[in-house]
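Dear colleague,

I am passing on the structure we spoke about, and my notes on it follow below. Please read them with the structure open beside you.

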Amino acid sequence: MPLTRVPFRLRSVAVLSAVLLVAACGKQEEAAKPAAGGGATVIKIGHAAPLTGGIAHLGKDNEAGVRLAVDEANAKGLTIGGAKVQFEMLSEDDEGKPDKGPIIAQKFADAKVAGVVGHLNSGVTIPASAVYNTAGIPMISGSATNPKLTEQGFAVTFRTVGRDDQQGPAIASYLVAQFKPKVVAVVDDATSYGEGLANEVEKSLKAAGVTVLAREKGTDKTTDWKAILTTLKGKKPDAVFYGGMDSGGGPLVKQGRELGLKGVFAFGDGACTDKMQELAGAAAEGLVCSQAGIPAQASSKSFIDAFKAKFGSDPIIYAPFTYDATNLIITAMQKADSVDPAKYLPALKAISFDGASGHIEFDEKGDRKDAEMTIFTLKDGKIVPVAIIKAGKTIPFEEFAKGTGA
Amino acid sequence: MEVFLQQIINGLTLGSIYAIVALGYTMVYGIVQLINFAHGEVVMIGAMVALTVIGSLAGANTGMPPVVIVLAGIACAVPVCMAVGYTMERVAYRPLRGAPRLAPLITAIGISIILQHLAMLIWSRNPLSFPQIIPNPVFEIAGANVSGVQIAIISLSALMMLGLTALVYRTRLGTAMRATSENPQVAGLMGVNINRVIASTFVIGAGLGAVAGVMVGTYYGIAHYTMGALLGLKAFSAAVLGGIGNLAGAMLGGILLGLVEALGAGYIGELTDLCHVSWISTGLAERCAQDGHVVLMGSNYQDVFAFLVLIAVLVFRPSGLLGERVGDRA
């Protein structure tokens with residue numbers, strides 16, 4: 001998921017102090033809780049995501065993943081460090097706002113949570129991660145894909161999802177393998193997300209010996225691509241890659257087809273949505289796009305069954321990754337036989353774990369080793385997965401789904 | 001050559017839309033010497049209303065043919081925008097008619113902000129997709145592709161320009177408008193109801209704007225509550241280019257600006273490719289050999305052309321291309 005587009009807002013001191021006041025009150029309530037755990041020690045795991053607003057459904061999905069993992073662990077009645085433990089999820093709404101991230105992180109630190117799963121947006125996770133680092137609380141995001149997150153050198157920062165800069169090479173290698181283009185046009189929307197992704201794609205294409213045309217650029221508000229596309233048409237590209245969001249990508253592919261551009265259109269995750277079909281109509285058919293991670297329906301069958309039984313619906317997108325993140329924290333605690341973040345952190349770094357989203361190990365930065373990327377295509381008006389890219393290899397989606405579904 | 005022809009067609013389509021919007025600016029300026037900066041927002045509201053109507057009619061399975069649905073969308077958008085135009089004039093401009101010229105300019109900007117945020121409250125912040133219910137056949141002419149929507153936009157614009165010219169020069173209302181534009185006091189003494197004439201000018205301009213909004217929506221397939229701002233500024237530049245206050249000037253200015261933008265965005269990358277002059281430094285030659293192109297200014301400068309034109313006109317010919325025929329403005 002790209003950095004959030006929510007503008008940074010200056011919050012008044014009054015609001016800030018009100019939040020801190022609420023946080024302080026919450027803390028007092030929490031302090032009374034260990035006694036309620038039926039003799040067992042209560043271990044708090046924080047979860048934060050936007051639970052209200054435009055992507056609240058994705059936030060709830062993340063939360064459900066954590067809840068499932070916590071409930072399963074509690075049902076097992078684990079013993080860590082010689083004491084019976086009971087896990088408790090503290091879920092907070094960060095509204096997808098970058099300025100709320102650190103406030104919630106501080107709230108978790110004050111509540112002495114043992115670990116945090118979240119946040120959902122890269123733009124919120126990055127500022128929050130600094131607070132977790134100071135407090136020494138391990139945090140694992142199941143959905144923040146911006147490379148910056150793990151480039152800050154924080155020892156406590158992890159993610160179970162792939163990075164944007166792995167997405168570029170993935171979509172490029174799929175294009176090369178599947179369509180064997182000779183000339184590719186790369187267009188971006190001049191945002192840090194779009195341009196960064198386009199640069200990665202261009203680098204990988206050039207490495208594969210493909211001719212890349214001079215970069216064309218719009219802005220994140222561009223809806224008129226005709227001039228650019230007409231110039232491109234004259235150069236007859238076999239494929240067009242666009243780094244940007246669906247609001248620019250939809251008109252781009254629609255106008256491209258109107259002008260008679262024949263090649264395949266490819267996009268990153270910002271334009272890998274069903275909205276492409278709405279915006280471009282029939283022209284969207286056959287486009288390819290990539291997303292970090294694997295689609296929820298390709299996660300392990302036991303996870304999907306448990307999720308359905310508990311919540312009565314299918315996981316939407318990142319739930320398998322937050323489920324795994326929670327289990328990673330719990331497993332690391334068991335391995336280290338301690339719930340103290342400082343003690344179980346080395347176990348978390350060295351973990352080797354088979355989760356709902358596949359095998360998980362971390363590299364020295366806290367990124368997932370060989371993270372999967374999924375390639376989608378738009379078929380009959382719907383975005384459907386066609387292939388999984390893992391460690392530079394392309395695996396047809398059906399084969400992959402069979403492998404994990406067993 | 002095919003590419004050039006295609007850019008011309010793109011430019012003509014874009015230019016027709018600019019021309020229709022520019023007419024709204026120029027009519028109001030011609031009659032009350034006021035720049036109605038909220039006009040771009042009227043265009044946006046036209047697109048949004050049409051989108052809502054077309055979307056709900058298409059979704060309701062009424063069995064109506066798509067063309068009728070789109071016409072119904074336009075038929076709803078035009079009166080809504082006319083009402084917005086009338087209210088705007090009545091509330092924000094008429095009370096300030098005797099005031100210094102800066103005052104109505106400021107209320108214009110205020111109205112623009114209010115309309116934009118009202119639209120955000122009604123239609124949300126998200127970009128909305130314009131329902132694509134009309135099949136859009138593409139014709140090939142000498143290697144260039146022309147879509148049905150493009151043909152419809154260009155011909156509808158031409159029709160509206162003809163209609164407006166007829167209205168201004170052939171009807172009683174048009175005569176009253178021209179009289180008011182020349183001298184409101186004297187026109188008033190001659191029995192022209194100035195308030196009614198000025199209000200009609202706003203209403204007609206807003207109606208044209210509504211149609212332009214529907215055109216933009218169907219052409220790009222997307223509508224957003226901020227879409228009017230940039231479009232309005234560009235159309236304003238077009239009006240200034242042609243000579244603000246002059247009807248023919250707004251049409252000419254709009255079409256010229258569309259062409260300048262399309263050709264500019266299409267060729268700026270190639271023109272500013274430093275590899276054409278790679279002999280000036282060895283470092284540059286190396287990068288050219290490696291990448292094939294080192295582009296100084298890319299096509300993302302597309303939006304700059306309108307404003308370059310605006311500055312150039314204001315510096316070198318403030319009255320615009322056709323601006324000297326002051327008596328003709330209406």
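**Strands and chain contact**

In chain A, Met139(A) stands opposite Thr157(A), which lies in strand 6. Please keep in mind throughout that this is a predicted model. The two residues belong to a parallel pairing in which strand 5 of chain A (residues 139–141) and strand 6 are joined over 3 bridges. Both strands are part of an open sheet of 6 strands in chain A, with the order 2-3-1-4-5-6 and mixed pairing. Strand 2 (79–80) and strand 6 (157–159) are at the edges of this sheet and have a single partner strand each, so one side of each has no neighbour in the sheet.

Further along chain A there is a run of parallel pairings that can be followed from strand to strand. Strand 7 (residues 183–188) runs parallel to strand 10 and is joined to it by 5 bridges, with Ala185(A) opposite Val240(A) of strand 10. Strand 10 also pairs in the parallel sense with strand 11, over 4 bridges, and here Tyr242(A) stands opposite Phe267(A) of strand 11. Strand 11 (residues 264–267) in turn pairs with strand 12 in the parallel sense over 2 bridges, where Phe267(A) stands opposite Cys289(A).

As for burial, strand 10 (residues 239–243) of chain A is largely enclosed by the rest of the structure, because 5 of its 5 residues are buried. Ala239(A), Phe241(A) and Gly243(A) point one way from this strand, while Val240(A) and Tyr242(A) point the other way.

Turning to the contact between the chains, 30 residues of chain B and 29 residues of chain A take part, and together the chains bury about 2,500 Å², of which 50% is on carbon and sulfur atoms. The count of salt bridges between them is 0, whereas 10 residue pairs are in polar contact, both residues being at pLDDT 80 or more. On the side of chain B that touches chain A, helix 1 (2–32), strand 1 (128–129), strand 3 (144–147), helix 8 (194–220) and helix 10 (247–271) of chain B each supply at least two residues. Helix 1 of chain B gives the most, with 5 residues. By class, this side of chain B has 11 nonpolar, 17 polar and 2 charged residues.

With best wishes

Definitions and conventions: Residues numbered from 1 in each chain as written. Chains lettered and ligands numbered in written order. Predicted model: local features only at pLDDT ≥ 70, side-chain atom pairs only at ≥ 80, totals over all residues. Heavy atoms only, no water. Contact = heavy atoms within 4.5 Å. Buried area = accessible area lost by both parts, 1.4 Å probe. Salt bridge = Lys/Arg side-chain N within 4 Å of Asp/Glu carboxyl O. Polar contact = N/O pair within 3.5 Å; in protein donor to acceptor, adjacent residues only side chain to side chain. Nonpolar A, V, L, I, M, F, W, Y, C, P; charged D, E, K, R; others polar. Pairing = 2+ DSSP bridges. Buried < 20%, exposed > 50% of the residue type's maximum accessible area, 1.4 Å probe, protein only.
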